[in-house]
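Good morning, colleagues. Please keep the display in view as we proceed.

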Amino acid sequence: MTEPAAFGPSRNPWDTAHTPGGSSGGSAAAVAAGIVPMAHASDGGGSIRIPASCCGLVGLKPGRARVPNGPDLIEEWAGQSGNFIVSRSVRDSAAMLDAVHGPETGAPYCAPHYPGHFLDAVAEPPGPLKIAVAWRKQGPGEYHVDVLEGLKATVELLEQLGHRVEAAQPDIDGDSAAGTLYKIICVDTALELHRRAEQLRCTVDDLDIEEGTRLTAAAGESLSATEYLAAIRSNHELGRALGHFHQSWDILLSPTLASPPVPVGHISEAPSGEYGERLFNYMGDTALFNQTGQPSLSLPLHWTGSGLPVGMMFSAACGEEALLLRLAGQLEEARPWRERRPPVTA
């Protein structure tokens with residue numbers, strides 16, 4: 001969600017009673033509403049793809065180190081987080097990737113070199129691909145019926161385009177992976193609050209922050225150095241497992257989110273006993289590809305009967321952004337969405 005206590009919630013242009021997603025929900029709402037053609041977004045667990053799904057946009061999370069983090073940042077969340085944009089078209093996302101990608105001097109990672117232009121890839125046929133489709137979530141929660149309807153329609157479209165699509169999923173422990181992600185976020189949050197307190201010459205307790213941020217940092221403070229290093233090692237093991245998976249499959253297809261956009265406040269105002277259930281029945285498996293460093297892309301290929309967007313997520317092996325863009329260009333041509341606009345209300 002994007003519901004900060006300081007400024008109030010961002011709202012979805014398709015239905016302002018619903019969330020635009022998060023954490024880059026303000027960017028996605030601005031693009032979907034036609035205020036700007038594209039906007040910056042960051043993605044540490046899905047925060048490019050989630051708002052893209054909620055707002056009917058293209059949300060590409062490039063692979064680790066494809067887009068530089070500098071000069072202010074070296075890495076975020078142990079390499080899980082990166083920066084890019086949300087846009088209305090595959091073309092615009094590809095053109096921006098051409099403009100900003102490349103190696104960064106002194107960076108701890110380096111993406112595989114791509115010798116061509118990503119914009120050119122959009123118009124290139126992807127050829128027949130082997131696409132694995134995930135009909136169940138890797139992590140906790142269940143897919144909503146509207147999401148499964150969109151997934152089924154996407155599979156049918158891919159088959160019509162000549163791709164081989166079969167049910168297959170990586171052999172990983174989704175619950176364990178979610179716990180690993182959480183540990184890294186908690187430790188990083190604790191560090192950032194200490195840095196901010198040092199800048200302001202105060203204590204962490206004096207910072208004006210939301211209670212959820214304070215609790216996240218406290219959880220990070222409670223973790224040991226060995227627990228943190230074990231979490232990083234678990235991420236590397238996930239990367240290896242997905243690397244082996246993509247030796248057999250070009251693309252992994254799954255819904256971006258487990259449900260259509262939820263109403264504003266549905267999760268943030270949930271009773272404590274219902275918070276987890278509501279969250280996991282909304283969240284998809286976006287974070288897995290932050291942990292592995294793979295490129296992952298949400299495309300607006302489905303709308304519910306009430307007019308809310310539902311994104312479909314396509315993920316590829318490390319270094320294969322161009323393959324995702326070839327497939328995305330083919331899908332956009334087959335089922336265009338760029339001219340679809342939210343209703344304008346006073």
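Tyrosine Y275 is found in helix α9, residues 275–280; helices here are DSSP runs of H or I with at least four residues, strands are runs of E with at least two, and both are numbered from the N terminus. Y275 is partly exposed, with a relative accessible area of 36%. On this scale, buried means under 20% relative accessible area, exposed means over 50%, and partly exposed lies in between, with a 1.4 Å probe and protein chains only. Leaving aside residues up to four places away in sequence, Y275 touches I267 and A270, where contact means heavy atoms within 4.5 Å.

A word on the source: this is a predicted model, in which local features need pLDDT of at least 70, side-chain atom pairs count only at pLDDT 80 or more, and totals for chains, interfaces and linings use all residues. Residues are numbered from 1 along each chain as its sequence is written, and side-chain values use heavy atoms, with hydrogens and water left out.

I turn to the backbone. Most residues other than glycine have a negative phi, and most peptide bonds are trans. R201, in the loop between α6 and α7 (211–222), has a positive phi of about 55°. R201 counts as exposed, at 81% relative accessibility.

Finally, the cavities. On a 1 Å grid over the protein atoms alone, a cavity is a set of points where a 1.4 Å probe fits but cannot get out, and lining residues have an atom within 4 Å of a point. Grid points are joined across faces, edges and corners, and a volume is the space filled by probe spheres set on the points. The structure holds two cavities of 30 Å³ or more. The largest has a volume of about 260 Å³ and is lined by 26 residues, with R64, A65, V67, N69 and S81 nearest its centre. The second largest cavity holds about 40 Å³ of space, and its lining includes A134, R136, L252 and F289. Two or more residues of that lining come from each of β6 (251–255) and α10 (288–292).

Notes: On a 1 Å grid over the protein atoms alone, a cavity is a set of points where a 1.4 Å probe fits but cannot get out, and a pocket is an open set with protein on both sides within 12 Å along at least five of seven lines; lining residues have an atom within 4 Å of a point.
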